[in-house]
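Subject: Structure handover and findings

Hello,

My notes come after it.

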Amino acid sequence: MAPPFHHEDIFQLVREPIDLRALIEHVRAPGDGAIVTFDGFVRNQSHNRATLYLDYEAYESMALVKMREIAAQLHEKYGIHRVAIVHRLGHLEIGETSVFIAVSAPHRAAAFDACRFAIDTLKRTVPIWKKEYFEDGAVWADGELPPAPLATPRAKPAS
Amino acid sequence: MFRGALAGFLRSRYNLAVAPVSQTVRVKVLFFGRLKDVVGHSQESLNLADAVTIEQLFAVYAARTPELAQYRSSVVASRNQEFAAWDTVLYPGDEVAFLPPVSGG
């Protein structure tokens, strides 16, 4: 049997400003007692260099698959009610939200733990890349190499 | 199977080379982040003469763009939107992506 509410979760990659309020309202329901959110936004410096702006790109089809997997883990591990995970792509100015996560649950502990797990896992496994623009050039941000299988005994054909 | 037998017959009887069509593998290959900058494009469709692994596919591109080889240890690969081992054999229609360290968030 499918766990309840999964179809109410939100996973999105957007190119416009993220409507934080709408996402919080979306995950909120009478059976909940807590919502924890994570608002990741563009910092004005990186390694002591003044940042002008950022540009994000994604392997969109795979990023959505990975975001959906994170949500499934949140339900399984923490028994949350709903989650919304939205990442913005393209050009972002200092102070603009690049990623927003809202998690609702009956009690605060599950919501806190799940939200922390969601952003940590997103940063490690979702194929999104950030290019940082400075006065004197641009660099792809250092990132994390996602864990991948080391060897396959037998590969399966595409379905 | 039948085509293979036919090709063998034509080759032995008439000295005709028939390309074994069943072994032609067309895959879509994607590059992201700094890898896209290195190879100069983000995606292409590629016809492979035979079934190859993801490792061998990467080597095809490294032969074209030698600079790419230095990134091998800091790349993960995916096949059809799932992280995949380098020894994964590719099938027709597969979508392969080479992904540098991710930096979302």
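Predicted model: local features only at pLDDT ≥ 70, side-chain atom pairs only at ≥ 80, totals over all residues.

Residues are numbered from 1 along each chain as its sequence is written, while chains are lettered from A and ligands numbered from 1 in the order in which they are written.

**Chain B**

Chain B has three helices and five strands. Helices (H or I, at least four residues) and strands (E, at least two) are DSSP runs, numbered from the N terminus. The pattern along the sequence is α-β-α-β-α-β-β-β.

The five strands of chain B make an open sheet, ordered β2-β1-β5-β3-β4, with mixed pairing. Two strands pair if DSSP finds at least two bridges between them. From one strand to the next, the twist averages 35°. Axes are lines fitted to C-alpha atoms, for helices over the stretch in contact; angles run from 0 to 180 degrees between N-to-C directions.

Strand β1 (residues 25-31) of chain B is joined to β2(B) by six bridges, and the two run antiparallel. There, V25(B) is opposite L48(B) of β2(B).

Helix α3 (residues 54-64) of chain B lies across β1, β3 (76-79), β4 and β5 (95-99) of chain B. The helix runs at about 65° to β5(B).

Of the 105 residues in chain B, 26% are buried (20 or more other C-beta atoms within 10 Å of the residue's own, with C-beta atoms placed from the backbone).

**Contact between the chains**

Chain A contributes 32 residues and chain B 27 residues. Contact means C-beta atoms, placed from the backbone, within 7 Å. On the chain A side, α2, β7 (97-105), α3 (108-125) and β8 (128-134) each supply at least two residues.

**The core**

The largest nonpolar core has 57 residues. Such a core is a set of buried Ala, Val, Leu, Ile, Met, Phe, Trp, Tyr and Cys residues joined through C-beta atoms within 7 Å. V83(A), I85(A), I101(A), V103(A), A114(A) and A118(A) touch the most other members. Helix α2 (residues 60-78) of chain A gives the most to this core, with seven residues.

Leaving out residues up to four places away in sequence, A118(A) touches I70(A), L74(A), V83(A), I85(A), I101(A) and V103(A).

Best regards

How values were computed: Buried ≥ 20, exposed ≤ 12 C-beta atoms within 10 Å, placed from the backbone. Contact = placed C-beta atoms within 7 Å.
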